[in-house]
Every structure is written in C-alpha cells, then in structure tokens.
Amino acid sequence: MPTLELKKEMKNHLKIWNLKCQYDVPFSFGLNDPQMSLQCSIDLVDCVGSRHAEKMLLVEVTLQDGRSFHGTVLNADLHSDIAIVKIKSSTPLPFAKLGISSKLRPGDWIIALGCPLSLQNTVTAGIVSCVDRNSNDLGIGGMRRDYIQSDCAINAGNSGGPLVNIDGEVVGVNIMKVFAAVGLGFAVPIDSVSKIMEHFKKKGRVIRAWLGLKMIDLNDMLAAQLKENNAKFPDINKGILVTMVTPGSPGDLARFHPGDVVIEFDGKPVQSIKEIIEIMGDRAGVPLNVVVIRANNSRVTLTVVPAEANPVM
C-alpha cells in the first residue's frame, strides 16, 4: 500500500496534519492512463494563503512492491478530501473498475481495503447501512456532503482506500469513522468522485453553487406538526422547508424567508435538498427562478443568483 511523504520545501505553503499519508491504495481508480494515480484523500494537508496552493504539493509515492516515485498533486478538492496525484512509471500500473454508487441499497455486501494502523493489505467486509447519510446528520457544518454509511471495520489508515462491491467495482472512497462507536464508517460515493474528476478536467477546480439557506425535506408528519403549531403554515406536505437564511447570502438577497417551502427550482418540481443541489450544480452566478409557498398558501416566485461556495466550507 503506497504511502505519501511531504517534500520539505513545500512545508511553508501547507498546514501539515500527517507527514505520511496512510490512506493511498496500490491501484488507480478507473484512470486508463497507466502513469496516473488517483490519491483519494487529502486529510494530510490544509492550504494556507493561496486558494490553489494544493496544486503545488510534491509527494513521494511508495508502491506496495517497494518502488518509490516522485508524485505531483495535480488537483485537490478540500471540501470532499479528494485529490489526484500523478506519477511516472516505466511500466503500466493496474487500475480498478469504477461502479455506480447510486445502485447501492441498504444491506448490500461491501468490502473495505486499506492499511489500518500500518497493517498492509487489510480487507474488511460488511454491509451498506445507509446510502445517503448527509453531513448534517453527523454534525458537520458547512456545505452539505453525502456519504455511504457502512459497518465495515475502518480505522486510521483505511481513509482514502476503496469501498468495493461484490463485483470488485469501487463504489466509494473510505474517509472517516465515528470513534465513539463500532461499525460506523463513512465513504464518499464514487459517483461524487466521478463528478469531481469532471470538474477538474473542465475547469481545474470544483465549483459548487451556494445559496446560504438551511433547509430540510418536508414530509407528512413534519408538515402536520408545523400546521398544528402555526395555523398559517401552508397546506402542503411535500417540498423543502427553509429554516434559516444567512444574512447577506444569495438567499437573503433573493428575499427568502424562514418558513418558505420550495416546490419548484429552475422550472423543475422538487421535493428534496438533493434535487436542488443537482439542479444548481456548478451554476454559480446564474439567475435561477424559485417558486415557494408561504404562510396562508401565498405562492411567490423568487430569483436567486447562487454564489460560488468557499472550497473549505
């Protein structure tokens, strides 16, 4: 299992979490270029000063067979802890096939590969516990993140390693665990990693649109409770409820109010936050029409211009 060591001359540009990356894996994730390797965690660094300082990071890559290479971090996304490292090898490097994480269902068997506590070639098995655990559930602030939750044994050294389905396809990148509990591990879905790769190729960085709204998905029980507490709450049980508006944010400038229920976004009916995120994509700076239902069933159309999210949010 490869390890990564920071070049000394780069330390002035980086906040160092670990001098060695214990997370890399001995193959690339679906990259057909035999000289390319996808480094799947950047927990070891945090950029200071320059927004693109992560691109300057030089690393030493040691493969499982003992060979060492000079590597360059081509790109990194601090929000997701996903990065790309390139090495030049005179012989082709093996790579793993990517699966489709959206096809996973709770109860599916999966395997986690990694190097926990420096124990190389460790494989653990488990099942998918939840396919769309979001960062708010875990108490993680900032922009929403979605994870695959599994009960595979994951420890320090598994982060950055692949989560694999029974067909041998990579469906996620293991990234963290809950230390106060057993069997609570989380991985970035490989579908998300693929989108990040496309952003890297097209624009050199990942662009995320930001509204500055805290929202929750509305359901029958929640709508009934809100209606019971406030008779003016709209007669609707599907949509996305706005619970907080950040002052000065795009949502604030568009005049969103707490209690608004979003039912249409950019001309498309929506019932979940995930749908809004997918519709926005990277369209920061693009005006989008949003239909909301307010107190006393008042229907209002707002125009919001999403801003580009801070990459470390």
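Colleague: How many aromatic pairs does the count come to?
Modeller: The count comes to one aromatic pair. Keep in mind that this is a predicted model.

Colleague: Which rings are they, and why is the pair called what it's called?
Modeller: They're the rings of Tyr147 and Phe186. Their centres are 6.4 Å apart and the planes sit at 65 degrees, so the pair is edge-to-face. The cut-off for that label is over 60 degrees.

Colleague: Where do the two residues lie?
Modeller: Tyr147 is in strand S13, residues 146–150, and Phe186 is in strand S16, residues 185–189.

Colleague: OK, strands then. Which ones close into the barrel?
Modeller: Six strands do, in the order S11-S12-S13-S16-S15-S14, with antiparallel pairing. From one strand to the next, the twist averages 45 degrees.

Colleague: How many bridges join S15 to S16?
Modeller: Five, and the two strands run antiparallel.

Colleague: Switching to the surface. What makes up the nonpolar patch?
Modeller: Trp109, Ile127 and Ile166 make it, and the patch is about 360 Å².

Colleague: Where is Ile166 found?
Modeller: In the loop between strand S14 (162–165) and strand S15 (170–177). Ile166 has 68% relative accessibility, so it counts as exposed.

Colleague: Now charges. How many salt bridges does the count come to?
Modeller: Nine salt bridges. One of them joins Glu308 and Arg205, with the closest N and O atoms 3.0 Å apart.

Colleague: Which parts of the chain does that pair tie together?
Modeller: Glu308 lies in strand S24 (residues 307–308), while Arg205 is in the loop between helix H1 (190–203) and strand S17 (209–210). They are 103 residues apart in sequence, so the pair ties those parts together.

Colleague: What are the relative accessibility values for Glu308 and Arg205?
Modeller: Glu308 has a relative accessible area of 27% and is partly exposed. Arg205 is at 25% and also counts as partly exposed.

Colleague: What about Arg294, which residue does it form a salt bridge with?
Modeller: Asp260, and the closest N and O atoms are 2.8 Å apart. The pair links distant parts of the chain, with Arg294 in strand S22 (residues 288–294) and Asp260 in the loop between helix H3 (250–253) and strand S20 (261–265), 34 residues apart.

Colleague: Buried or exposed, those two?
Modeller: Arg294 is buried, with a relative accessible area of 17%. Asp260 is buried as well, at 2%. The cut-off for buried is under 20%, so both values qualify.

Colleague: Last one. What do you have on Lys268 and Asp266?
Modeller: Their side chains meet in a salt bridge, at 3.7 Å from N to O. Salt bridges with shared partners join Asp266, Lys268 and Arg283 into one network.

Colleague: How accessible are Lys268 and Asp266?
Modeller: Lys268 counts as partly exposed at 41% relative accessibility. Asp266 is partly exposed too, with a relative accessible area of 24%.

Methods:
Residues numbered from 1 in each chain as written. Predicted model: local features only at pLDDT ≥ 70, side-chain atom pairs only at ≥ 80, totals over all residues. Heavy atoms only, no water. Phe/Tyr/Trp six-rings, centres within 6.5 Å; stacked < 30°, edge-to-face > 60°. Helix = DSSP H or I, 4+ residues; strand = E, 2+ residues; numbered from the N terminus. Patch = residues over 30% accessible without salt bridge, like charges linked within 9 Å, V, L, I, M, F, W, Y side chains within 5 Å. Areas by Shrake-Rupley, 256 points an atom, 1.4 Å probe, with all protein chains shown as cover. Salt bridge = Lys/Arg side-chain N within 4 Å of Asp/Glu carboxyl O. Buried < 20%, exposed > 50% of the residue type's maximum accessible area, 1.4 Å probe, protein only. Pairing = 2+ DSSP bridges. Axes fitted to C-alpha atoms, helices over the stretch in contact; angles between N-to-C directions.
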